[in-house]
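Dear colleague,

Please find below the sequence and the structure that I am handing over to you. My notes on the findings follow directly after them.

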Amino acid sequence: MSPQNSLFDNHSAPPILPEGVIYRPKALIGHEKPLTTALKGVLAAAPPSQARTRGGGLTSAAMTNCGRVGWWSDARGYRYQAQRPDTGASWPPIPSEFFAAVREVMAKTPWPAFNPDACLINSYGPGTKMGLHQDRDEKDFSQPILTVCLGDDADFLVGGFSRADKVVSFVVSSGDALIMGGASRMRFHGIRKIYPGTSPISDIAGRYSLTFRKAL
Ligand code: MN
């Protein structure tokens, strides 16, 4: 039975995850409203668009950023930039509502003082996905990456340290938080599929991931 038709909680059987992958289902349920309002503001200021990959194709998900720098991809490669390459505009700042959520999630982790300077926002519509990849454009890999999920459910993949390694797949839902840090900071990860129409937030169609990084 597919998750969108299931009467059962997707999280009734929590996956066994490797050390350094910290999954907190529903950790941010209480923050969904302020996060959504703040997200709408960021999306209005910096509308997401598909990015060009080094191979010349387009990313499946559309992307935008907020923060001092934003992650971007084009023919010149993958990097963080203070200005948006396609328009030259600065990215909007990370909203205070985002920082409040970050502080709450990170408080009881090995990185309680995590202070992101970049938030890459991926917008996943029906049929979009994100292939297995490593986040490796940040300066300091001792800093974790925090993903906050809003909107539709999705299958999240966590792999090993080479693309061909075995992956664990589990469903992430709106209000969930997922940290990859420490020994798992460089694991391959991706989004296999979105479950359209499962967003519990009336204001959000599709799935947004807010991925917080200390890039500089
Ligand atoms: Mn990533």
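A contact, as the word is used here, means heavy atoms within 4.5 Å. On that basis, residues 24 or more positions apart account for 74% of the contacts in the chain with a separation of 6 or more.

Two remarks on provenance apply throughout. The model is predicted, so local features need pLDDT of at least 70 and side-chain atom pairs count only at pLDDT 80 or more, while totals for chains, interfaces and linings use all residues. Residues are numbered from 1 along each chain as its sequence is written, and side-chain values use heavy atoms, with hydrogens and water left out.

Overall form

The chain comprises two helices and 13 strands; these elements are DSSP runs numbered from the N terminus, with helices being H or I of at least four residues and strands being E of at least two. A compact globule of 216 residues would have a radius of gyration near 17 Å, and the 16 Å of the chain agrees with this. That radius is taken over C-alpha atoms, and the globule rule is 2.2 Å times the number of residues to the power 0.38. The C-alpha trace spans about 45 × 35 × 35 Å along its principal axes.

Of the 216 residues, 53% are buried. Here buried means under 20% relative accessible area, exposed over 50%, and partly exposed in between, with a 1.4 Å probe and protein chains only. The accessible surface of the chain is about 10100 Å², and carbon and sulfur atoms contribute 55% of it; such areas come from the Shrake-Rupley method with a 1.4 Å probe, and for residues only the protein chains shown count as cover.

There are 24 positive and 18 negative side chains, the centres of the two sets lying 4 Å apart. Lys and Arg count as positive and Asp and Glu as negative, whereas His and the chain ends are not counted. Each charge is placed at NZ of Lys, CZ of Arg, CG of Asp or CD of Glu.

The manganese site

Which residues coordinate the manganese ion? The donors are His133 (NE2), Asp135 (OD), Asp135 (OD) and His189 (NE2), at 2.2 to 2.7 Å. Donors are N, O and S atoms within 2.8 Å of the metal (3.2 Å for Na, K and Ca), and water is not among the atoms, so sites may look incomplete. In sequence, the spacing of the donor residues is H-x1-D-x53-H. His133 is partly exposed at 24% relative accessibility, whereas His189 is buried at 8%.

Individual residues

Ile201 lies in the loop between S12 and strand S13 (207–213) and is buried, at 13% relative accessibility. Leaving aside residues up to four places away in sequence, Ile201 touches Glu32, Thr36, Leu150, Gly151 and Ser174.

Lys26 is not a glycine, yet has a positive phi of about 60 degrees. Lys26 is placed in the loop between strand S1 (21–24) and helix H1 (32–45), and is partly exposed with a relative accessible area of 43%.

Asp140, in the loop between S7 and strand S8 (145–151), is partly exposed at 32%. Ser96 lies in helix H2 (residues 96–106) and counts as exposed at 53% relative accessibility.

With kind regards
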